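Here is a short briefing on one protein chain. Take a look at the structure, then read on.

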Amino acid sequence: MSSFSGAVIGREQVTRRCGCVVEFLHYESDPFRAARKQKMQQKRCPPCGKKASDTFSAQQSADAAARRDLERTKRQERVAEAEARAKELRIERDAVKIVEHEEQAARAKREPGKARVTFEPLPPGTVLTVEKLPSGTWLGVLAVPGHAGIERRAGSPIGLVFKLAEVFARAQAEGKVPA
Ligand SMILES: [Zn+2]
């Protein structure tokens, strides 16, 4: 709006937006003086304008820094929560293992091993012998004091001793133990 020209014919003090009072010059040819004056009143003076701009920039930087801090804090909280959940899961898993172990131990107590069930009822003095025959099969003899021996054959000595003890137990249960 540099529409004015000619000599300065007057001057007045105007207050700018920032509150600073400056000199407003009147020129010989100045068709838009009123508009020029109004515009001047609405704007800050250059030093105050720069100050306001710097303040705005500093505020923006501060806001951005605050947002970053907040994000970082929120993230740290999420990490802490995730760690707590992970810890709970580990504890839960360990607890499940402990319980499983206890259950297994309790089961083992309630359900004694097959060998104990099979051989415990045999009376003292019982003799179990296994002999490998030339044919390759095993001959097992169970001799219980006061009874006739029981003989069985099998391909494996381990299965054989179980078999003999079971035969004896069944015969005893049915009252058929040969005297
Ligand atoms: Zn000013």
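**Helix H4 and the chain around it**

Helix H4 covers residues 157–173, and its 17 residues reach 24 Å from first C-alpha to last, close to the 24 Å expected at 1.5 Å a residue (the expected span is 1.5 Å times one less than the number of residues). This is a predicted model, in which local features need pLDDT of at least 70, side-chain atom pairs count only at pLDDT 80 or more, and totals for chains, interfaces and linings use all residues. Residues are numbered from 1 along each chain as its sequence is written.

- Leu-160, Val-161, Leu-164, Ala-165 and Phe-168 are buried in H4 (buried: 20 or more other C-beta atoms within 10 Å of the residue's own; exposed: 12 or fewer; partly exposed in between; C-beta atoms are placed from the backbone).
- These residues lie on the same side of H4 because they cover an arc of only 130 degrees around the axis, taken from the directions from the helix axis to the C-beta atoms.
- Turned away from that buried side is a face with the exposed residues Ile-158, Arg-170 and Ala-173.
- After H4 comes Gly-175, with a positive phi near 70 degrees.

**The whole chain**
- The protein chain has four helices and five strands (DSSP runs numbered from the N terminus: helices are H or I, at least four residues; strands are E, at least two).
- Along the sequence they follow the pattern β-β-α-α-α-β-β-β-α.
- The C-alpha trace spans about 150 × 35 × 20 Å along its principal axes.
- Buried residues make up 4% of the 179 residues.
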